[in-house]
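Visitor: Please take me through this structure slowly, giving the cut-off behind each term when you use it.

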Amino acid sequence: MFEFDLFELTRATVTMVVGLTAVLASLGVILCSAPIYCALYLIGHMICLALLFLLYNAEFIAAVQLIVYAGAVMILFLFIIALLGGKKEIQEPSTERSVAIVFVATMLGELFFSAAVGPTKPIEGVFDIQTVAEVGGSAKAIGLELFSRHVVSFELASVLLLVAAVGIICLSKFSYVPVRRRLK
Amino acid sequence: MIMLDDVMKFFEQYAYLIIGSVKAFVIAGALLGIVPALVWLERRLMGRFQVRLGPNRVGPFGLGQPISDSIKLLFKESIIQSSADKFLFHLAPAIVVFTAIVTFAVIPFGEPVKILGQEIGLWVANVNIGLLFVFAISGMGVYGMVLAGLASNNKYSLMGGLRSSAQMISYELTLGLAALSIIVLTGSLSLIDMVNSQALYPNILIQPLAFLMFFIAGIAETNRAPFDLPEAEQELVAGFHTEYTGMKFAMFFMGEYINMVTMSALVTLLFLGGWNTYGVPVWPILAFSGKVLFLLCVFIWLRSTYPRIRYDRLMTFGWKVLVPLSLLNLLITSTLVVL
């Protein structure tokens with residue numbers, strides 16, 4: 001009686017549904033005409049990605065995805081849309097649009113072509129569930145990996161971000177001078 | 001009988017599922033039920049602080065007041081102005097309440113107990129990234145306020161929504177940095193590990209600065225006075241919920257009060273030693289609830305003591321005082337831990 005594994009079945013179904021929702025949400029981002037709904041679809045897509053990470057036992061990445069992308073980055077998007085007042089775009093055919101359609105069709109064709117080559121192979125990572133459990137949590141596993149083997153690239157990335165932050169402050173702080181001159 | 005045995009056997013292996021759902025329902029229900037009680041407590045205490053009585057007509061000590069208020073809110077007409085975005089207008093309060101309740105899922109409030117041979121932890125989920133989960137989900141709560149401001153199609157609502165998002169992003173930084181010094185001390189993101197590491201003395205004794213900054217940032221995160229800029233009555237009518245009526249209006253308050261409980265519970269877990277009793281002969285769970293109740297009273301006390309601070313000063317205070325201080329505190333803590 002009841003031989004099938006309910007847990008695995010539920011898990012597979014949930015993964016499928018979340019993945020499909022992610023694809024539909026990303027379609028919504030490019031097909032929707034109101035900017036605010038586009039931003040909301042993008043948030044939905046990012047939440048789905050976080051859920052997928054969670055389903056594959058990467059809790060730390062899921063939380064970081066939510067905090068950084070769905071939380072901090074997208075709230076700035078909404079901020080700008082709110083300040084600029086997102087108006088609905090009027091959809092009309094144009095040359096740019098036909099070029100874009102040709103481009104998308106080419107990409108799709110290439111995708112199908114690559115599918116014809118043969119079965120795809122999953123990329124094997126350093127960690128599986130056992131090693132993560134041995135290390136003691138996904139946060140610790142990522143920390144160990146990041147600060148031992150990838151420490152140079154990690155530090156370089158942080159320097160890059162710092163330069164960007166300093167640059168933004170320079171651009172926004174010192175461009176006020178001509179405005180003041182004009183007011184005089 | 002064979003049928004019944006089979007059914008029992010079938011359910012036995014999914015016991016964790018059943019226990020989990022029951023726990024989720026109980027905690028969500030308790031959180032929703034605590035809101036009217038908190039409103040009553042706030043009104044009574046505010047009355048005392050301002051040398052007046054507070055609600056005292058309905059029932060003994062005005063205890064019937066929250067019931068009558070909820071019934072009134074349920075039966076009020078729900079008004080939506082025609083220029084509003086209907087879908088987002090309905091979605092916004094739901095996001096606020098949903099995120100507030102889900103955040104509480106990882107908050108533990110006692111040691112595991114044994115009931116009917118099953119070990120039951122007094123939490124909904126014990127994830128090893130507990131604290132990050134709290135920050136991730138409570139960060140989602142900002143969307144409720146921003147969307148309410150955007151969907152209302154009203155200048156005051158929009159200003160309130162923008163202010164709330166700016167304020168919450170600014171103070172989330174301090175909140176995270178203050179919590180980070182505790183994470184560095186404990187060496188774990190799990191809230192249960194944090195409580196266990198405070199078995200001898202609470203963290204507030206060795207991290208008083210982090211406690212102060214976490215609490216200040218927590219008040220700003222929950223949009224409570226003196227940081228309730230998003231809903232400043234004198235300037236913005238009622239901020240992001242100007243256009244809301246009836247139960248949808250009440251849902252914003254439900255979210256705010258549940259966030260208050262979650263924030264108090266977090267402060268208790270991180271700094272006040274959670275359910276550790278430190279020799280006082282009470283049940284651990286009572287010790288935890290007592291600490292949370294005390295912090296809730298401090299929230300209300302602060303509201304009736306301090307005037308609202310100006311918006312630019314709020315931002316200056318957050319970015320030029322709290323963030324450098326918490327960075328310094330983190331630097332000193334991690335240096336000491338490494339040494």
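**Chain A in outline**

Visitor: Among contacts in chain A between residues at least 6 apart in sequence, what percentage join residues at least 24 apart?

Guide: This is a predicted model, in which local features need pLDDT of at least 70, side-chain atom pairs count only at pLDDT 80 or more, and totals for chains, interfaces and linings use all residues, while side-chain values use heavy atoms, with hydrogens and water left out. Residues are numbered from 1 along each chain as its sequence is written, and chains are lettered from A and ligands numbered from 1 in the order in which they are written. With contact meaning heavy atoms within 4.5 Å, the percentage for chain A is 55%.

Visitor: How many helices does the secondary structure of chain A have, and how many strands?

Guide: Helices (H or I, at least four residues) and strands (E, at least two) are DSSP runs, numbered from the N terminus. Along the sequence, chain A then reads α-α-α-α-α-α-α-α, and its secondary structure comes to eight helices and zero strands.

Visitor: What percentage of the residues of chain A count as buried?

Guide: Buried means under 20% relative accessible area, with exposed over 50% and partly exposed in between (1.4 Å probe, protein chains only). Chain A has 184 residues, and the buried percentage is 20%.

**The nonpolar cores**

Visitor: Which residues touch the most other members of the largest nonpolar core?

Guide: A nonpolar core is a set of buried Ala, Val, Leu, Ile, Met, Phe, Trp, Tyr and Cys residues joined through side-chain atoms within 4.5 Å. The largest such core holds 62 residues, and those touching the most other members are Leu131(B), Phe214(B) and Leu270(B).

Visitor: Which helix supplies the largest share of this core?

Guide: The largest share amounts to twelve residues. The helix that supplies them spans residues 246-271 of chain B, and is α10.

Visitor: Is the crossing in which α8(B) passes α10(B) left-handed or right-handed?

Guide: Helix α8 of chain B (residues 208-221) and α10(B) pack at an angle of about 170° with their axes 10 Å apart, where axes are lines fitted to C-alpha atoms, for helices over the stretch in contact, and angles run from 0 to 180 degrees between N-to-C directions. That makes the two helices roughly antiparallel, since angles over 145 degrees count as such, under 35 as roughly parallel, 65 to 115 as roughly perpendicular and the rest as oblique. A crossing is left-handed if the near helix is turned anticlockwise from the far one by less than a right angle, and right-handed if clockwise. For α8(B) passing α10(B), the crossing is right-handed.

Visitor: How many nonpolar, polar and charged residues are in the contact of α8(B) with α10(B)?

Guide: Residues of α8(B) in the contact include Phe211(B), Phe214(B) and Glu221(B), and those of α10(B) include Leu266(B) and Leu270(B). Ala, Val, Leu, Ile, Met, Phe, Trp, Tyr, Cys and Pro count as nonpolar, Asp, Glu, Lys and Arg as charged, and the others, Gly among them, as polar. By class, the contact has nine nonpolar, one polar and one charged.

Visitor: Is the crossing in which α4(B) passes α10(B) left-handed or right-handed?

Guide: Helix α4 of chain B (residues 86-103) packs on α10(B) at about 20°, with the axes 8 Å apart. The two are therefore roughly parallel to each other, and the crossing is left-handed.

**Positive phi**

Visitor: Is Asn223(B) buried or exposed?

Guide: Asn223(B) has a phi near 60°, a positive value in a residue other than glycine, and is placed in the loop between α8 and α9 (233-236) of chain B. With a relative accessible area of 2%, Asn223(B) is buried.

Visitor: Is Val51(B) buried or exposed?

Guide: Val51(B), in the loop between α2 (15-49) and α3 (65-75) of chain B, has a phi near 50°, again positive in a residue other than glycine. At a relative accessible area of 76%, Val51(B) is exposed.
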